[in-house]
Amino acid sequence: MSISNSTELICFLVLAFVVILGSLGVVLLGNIVYSAFLLGGVFMAVAGLYLLLNASFVAAAQVLVYVGAVNVLILFAIMLVNKREDLKPIPGLQLRRFLSAGICLGLLVLMFRVVLITPWSLPGPAAIGEGATVRIGEHLFTDYLLPFELASVLLLMAMIGAIVLARRDIQTVDVGTGNEVNQSLIEKAGTPLLVDKTTT
Amino acid sequence: MLESFSGPVPLQAYLLLGASLFCIGVWGLINSRNAVRVLMSIELMLNAVNINLMAFSSFLDGDLIRGQIFAVFVITVAAAEAAVGLAILLSLYRNRVTVDMERFNLLKW
């Protein structure tokens, strides 16, 4: 085995180790802030895997979008809902955890079996390597043009929807017509709309 | 089974890694009681799918890298999903003053 091959193998093993341990930490750790930072580590390791697969553009997009945007958004959400609350114990929680772990392990075994017994038609066509970014650009503006434009519309809709959902102010007068509007079903400042009657 | 691969890391290794990450994400999605952690688990599952897409793109479709295009679209949709999900979470928190998934039970039968 040549030195480049062994280097690639070692990189893959280290990155896979980081991904598995990090994601286990994300779902198992008690402190949610640790989970968020571990999630950033997992995203970085996945970007490293993309680099191993000759996809530098997607690796850069992964770092920019996931680590730069999604992870920061999650940290902001943690900061905004940061109230220390002791969760009420629920009967049968432990049993539920073990049952779902069994189901997930079954799913894992099933997928491992599918991966290992399927005769993949390897090797495929030769990889184009560093020309991948140019090829992605060609795809995006020729045969994937419609999904590309739809993605921009989707992002606009998500942005407007997030602003509408998360804003706090109430407008009692319609901006366009000047009539009174009733937004009490959408949100009421200060008073919780859905009072939890089971605990109080 | 692994007789026909050229590089040091076979396709199956990436697929197994993606499967493991997906199952960890499913477990976290079912068992998290903090709503933020549920969103994190969804991100883990999306990343597992992306690893699969990239592995197939590199090993079976190295010429027309369609898997990379799909991964870019998945990343886009994941960003939109995270933004809307966290906005919904903030709105829920403002109304019920908790992030415990077990107490978001207004529609529970």
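**Note on a cavity, a helix and the salt bridges of a predicted model**

1. The lining of the largest cavity comprises five nonpolar residues, six polar and no charged; here Ala, Val, Leu, Ile, Met, Phe, Trp, Tyr, Cys and Pro count as nonpolar, Asp, Glu, Lys and Arg as charged, and the others, Gly among them, as polar. From chain A the lining includes Leu53(A), Asn54(A), Ala127(A), Ile128(A), Gly129(A) and Ala132(A). From chain B it includes Ser57(B), Ser58(B), Gly62(B), Ile65(B) and Gln68(B). Lining residues have an atom within 4 Å of a cavity point.

2. This is a predicted model, in which local features need pLDDT of at least 70 and side-chain atom pairs count only at pLDDT 80 or more, while totals for chains, interfaces and linings use all residues. Residues are numbered from 1 along each chain as its sequence is written, chains are lettered from A in the order in which they are written, and side-chain values use heavy atoms, with hydrogens and water left out.

3. The search of the whole structure finds one cavity of 30 Å³ or more, and the volume of the largest cavity is about 60 Å³. A cavity is a set of points, on a 1 Å grid over the protein atoms alone, where a 1.4 Å probe fits but cannot get out. The volume is the space filled by probe spheres set on the points.

4. Helix H1 of chain A (residues 3–28) has 26 residues, and at 1.5 Å a residue it should span 38 Å; the end C-alpha atoms are 37 Å apart, which agrees. The expected span is 1.5 Å times one less than the number of residues, and helices are DSSP runs (H or I, at least four residues). Among the buried residues of H1(A) are Phe12(A), Leu15(A), Val19(A) and Val26(A), buried meaning under 20% relative accessible area, exposed over 50% and partly exposed in between (1.4 Å probe, protein chains only). The buried residues of H1(A) pack against helix H2 (32–52) of chain A and against helices H1 (11–31) and H2 (35–59) of chain B, where contact means heavy atoms within 4.5 Å.

5. Over all chains there are five salt bridges, each a side-chain nitrogen of Lys or Arg within 4 Å of a carboxyl oxygen of Asp or Glu. Arg135(A), Glu138(A) and Asp63(B) are linked in a network of them. The closest N and O atoms of Arg135(A) and Glu138(A) are 3.4 Å apart. Arg135(A) also bridges to Asp63(B) (3.7 Å, N to O); Arg135(A) lies in helix H5 of chain A and Asp63(B) in the loop between H2 and helix H3 (66–96) of chain B, so this pair joins two chains.

6. Arg66(B) and Asp61(B) form a salt bridge (3.0 Å, N to O). Arg66(B) is partly exposed at 36%, whereas Asp61(B) counts as buried at 13% relative accessibility.

Notes: 1 Å grid on protein atoms, 1.4 Å probe; cavity = no way out; pocket = protein on both sides within 12 Å on 5 of 7 lines; lining within 4 Å.
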